[in-house]
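Have a look at this one with me before we talk it over.

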Amino acid sequence: MARRVTRAEADLPATALRVVLASGSPSRLALLRAAGVEPDVVVSDVDEEAVAAALGAEAAPGDVVAALARAKAEAVAERLLAGPGPAPDTVIVAADSAFLLHGELHGKPHTPEVAWARWQKMSGQTGTLLTGHCLLRLTDGRIAARAYEVGRADIRFGDLSGDEARAYLATGEPLEVAGAFTLEGRGSWFIERIEGDPSTVIGLGLPVLRALLAQVGLDVAALWQASGSPTGAA
């Protein structure tokens, strides 16, 4: 994993902490809730295609997902800091995922035709799910600390064709997820092996997130406490 971290301050106190998920992904929200964290959801509305295009075709895949995660976090931070009244100590969690197969980076397919074309390439193959993470900590009306990291996991797919493929595409599940598959849904039937952190495949690597929390002066217990579950019980 490639890690890039910058810190404006160290040892910031975790008082009256607000946790914000800068994503409308139901999978990321469910993952945090299952891990004992109840975040506020603020969708960034970042133009992902524009951010990726600005990087250029030669950008490394990890740099693309990292830039998208940063853009989402910063857009939400700007919105929160522009709001009325003093803001509480806040940690913003943002992530972006894409699937790398044979040197080509794939995002959401959006249509059954594109999803089917992806699965024809993925069937029986191994690819890499990349998830860029960005944490911003807001204190005293400013961004006080930042941390970034890209997580990755290798995924081996079984063969998918015929009636199973048509039935899977008809559910609509693979259309709005990176790589045209899910680990936590129907797509799990077709995943034979994972090397790496499974939560990264879902879209938010919890081990990565824990490491980044330390970089901004927080820990998992602080998130549990902010969610009203100091022992981690959901």
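1. Which residue forms a salt bridge with D89? It's R137, and the closest N and O atoms of the two are 2.6 Å apart. (A salt bridge here is a side-chain nitrogen of Lys or Arg within 4 Å of a carboxyl oxygen of Asp or Glu.) D89 sits in the loop between α3 and β4 and R137 in strand β6, so the pair links distant parts of the chain, 48 residues apart. Both D89 and R137 are buried, where buried means under 20% relative accessible area, exposed over 50% and partly exposed in between (1.4 Å probe, protein chains only).

2. A word on what you're looking at. This is a predicted model, in which local features need pLDDT of at least 70 and side-chain atom pairs count only at pLDDT 80 or more, while totals for chains, interfaces and linings use all residues. Residues are numbered from 1 along each chain as its sequence is written, and side-chain values use heavy atoms, with hydrogens and water left out. Helices (H or I, at least four residues) and strands (E, at least two) are DSSP runs, numbered from the N terminus.

3. Back to the charges: the count comes to 9 salt bridges. In one of them, E74 meets R146 at 3.4 Å, N to O. E74 lies in helix α3 and R146 in strand β7, so this pair ties together parts that are 72 residues apart in sequence. E74 is partly exposed, at 33% relative accessible area, and R146 is partly exposed too, at 27%.

4. Now try helix α5 (residues 162-170), where D163 and R166 are 3 residues apart, about one helical turn. These two form a salt bridge, with their closest N and O atoms 2.5 Å apart. D163 counts as exposed at 58% relative accessibility, and R166 is exposed at 54%. Elsewhere, salt bridges that share partners join E48, K72 and D96 into one network.

5. Turn to helix α7 (residues 206-215), where V208, L209, L212 and L213 are buried. They cover an arc of only 140 degrees around the axis (taken from the directions from the helix axis to the C-beta atoms), which puts them on the same side of α7. On the other side, P207 and R210 are exposed. What do the buried residues of α7 pack against? The list is α1 (26-34), β4 (90-101), β6 (126-139), β7 (142-157) and α8 (220-226), with contact meaning heavy atoms within 4.5 Å.

6. Y148 and L209 are 61 residues apart in sequence, yet 9.3 Å apart in space, C-alpha to C-alpha.

7. Finally, the lining of the largest pocket. (On a 1 Å grid over the protein atoms alone, a pocket is an open set of points where a 1.4 Å probe fits, with protein on both sides within 12 Å along at least five of seven lines; lining residues have an atom within 4 Å of a point.) Of the 41 residues that line the largest pocket, the closest to its centre are E48, D96, S97, K108 and A178. The largest share of the lining, 4 residues, comes from α3.
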